[in-house]
Amino acid sequence: MYLFSGMAGIQGPPLAALRALYARPQNAPYFTAAADAVARALDHVGADAYRRELPGGIPLAAWLRGTEPDAGALDHSIVDGLCALIYQLCLLQPPIGGAGADRPAPVAAIGHSLGLTGAMVAGMRTTSRREHTALSHDLIAMTALTLIHCHQPAPPSPGPATPMAAVTGMPTAEVRDLVAGSPVHLALANSGRSHVLAGRPDDLAGLRVRHARRLAEPGVRWTYLRSTAPFHTPLLEPAVRAALADRHLMTSPLTGDRLAVPVYVADPPVNLQDRDDLLPDLLAYSISRPLDWPGTVRAALDGSRPDRIVDFGPGPSARVFTRETLRGSDSGLRYRSVPAPTA
């Protein structure tokens, strides 16, 4: 089973690995398409849509050639999510002359949050590099548009609070009770005792104050995340609708019958092979719907019975949450990480 993280997390975007991949001549057509896709998305929305978030834009080609991003750019979720996707889709290119042929073919794929796009592409098992590059161009452009739309509703809040916070050491049922009746959402259930809350920063800060005693108990921890938008909440449903209004930028439809192997999401458990139109589900499950990672993992294991997990990263988060979910079970899964390239 192929596994994809949504963002790089505390490590930041995999810029060094992307530069190493960019330096390989066989990847030139892919990176030309990726840079064009980002530029096309920015041209489509116009500078006013992203200037507040990223004053210098996203000069991907210059970054890949060695130009250092503006201060703060790599800390932004638009850049983090895009770089993670571009990295994963490069690794998923069909092999040339047998290179990479030792990688086992997937029986299923799952992606954590924005990693669902990588999982979907893996599920298609494309054999043509040209076809893969064209598909990647569309998906990188749509992801850039969607992430920009995610940051348009409200300006960022000053201070230490962010739109997302991890709460560890509490069971899922108690976390649900914690947010019940509040404007804060349980956005991600990563494992039985690892969760992420999301909402407007002021609402998150208020919830933390109201439950300060419980959150200060031994074994419980509250940590604000680097995310710059309240992902996996209804607050981003307008962003999904806005992105779908731009779906005419896609050159070919995304349909479930293009998936050669199952791609699972859980809310409740769904195999995307059963969907006629993949794009609405892809955007909603990546952006605005809550994520049930234990449910996703168990649905994939029950439906496809893999014997190993191949983790495409970037970063270890999806693999860590998968191990936590399966701790104490007799799954017998073996884990392998696709090594990040170095210069």
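Reader: I would like to start with two helices in contact. Which residues of α5 meet α11?

Author: In this predicted model, Leu116, Thr117, Met120 and Met124 of α5 meet Leu278, Asp281, Leu282, Tyr285 and Ser286 of α11. Sorted by class, that contact holds 6 nonpolar, 2 polar and 1 charged residues.

Reader: At what angle do α5 and α11 pack?

Author: A helix pair can be described by an angle and a distance between axes. For α5 (residues 116-124) and α11 (residues 278-288), the angle is about 145° and the axes are 9 Å apart.

Reader: What should I know about side chains in a strand?

Author: The side chains of a regular strand alternate between the two faces of the sheet.

Reader: In which sense does β10 pair with β1, and in which sense with β11?

Author: Take the two neighbours in turn. Strand β1 (residues 2-4) pairs with β10 (residues 308-311) in the parallel sense, over 2 bridges. Leucine 3 has aspartate 311 of β10 as its bridge partner. On β11, the pairing with β10 is parallel and covers 4 bridges. There, isoleucine 309 has tyrosine 335 of β11 as its bridge partner.

Reader: What kind of unit do β10, α13 and β11 make?

Author: They make a β-α-β unit, and it is right-handed.

Reader: Which residues of α2 are buried, and what do they pack against?

Author: The buried ones are Tyr30, Phe31, Ala33, Ala34, Ala35, Ala37, Val38, Ala41 and Leu42. The buried residues of α2 pack against α1 (15-22), α3 (60-65), α4 (77-91) and α6 (129-150). Just after α2 comes glycine 46, with a positive phi of about 85°.

Reader: Which residues have a positive phi although they are not glycine?

Author: Arginine 125 has a positive phi of about 50°, and for arginine 305 the value is also about 50°. Arginine 125 sits in the loop between α5 and α6, while arginine 305 is in the loop between α12 and β10.

Reader: How are arginine 125 and arginine 305 classed by accessible area?

Author: The class follows from the relative accessible area, with exposed meaning over 50%. Arginine 125 has 43%, so it is partly exposed. Arginine 305 has 65% and is therefore exposed.

Reader: Where are the cis peptide bonds?

Author: Look at omega. Another joins glycine 313 and proline 314, where omega is about -5°. Proline 314 belongs to the loop between β10 and α13 (317-326).

Definitions and conventions
Residues are numbered from 1 along each chain as its sequence is written. This is a predicted model: local features need pLDDT of at least 70, side-chain atom pairs count only at pLDDT 80 or more; totals for chains, interfaces and linings use all residues. Side-chain values use heavy atoms; hydrogens and water are left out. Axes are lines fitted to C-alpha atoms, for helices over the stretch in contact, and angles run from 0 to 180 degrees between N-to-C directions. Contact means heavy atoms within 4.5 Å. Ala, Val, Leu, Ile, Met, Phe, Trp, Tyr, Cys and Pro count as nonpolar, Asp, Glu, Lys and Arg as charged, and the others, Gly among them, as polar. Two strands pair if DSSP finds at least two bridges between them. Buried means under 20% relative accessible area, exposed over 50%, partly exposed in between (1.4 Å probe, protein chains only). A crossover is right-handed if, with the strands pointing away from the viewer, the path from the first strand over the helix to the second runs clockwise.
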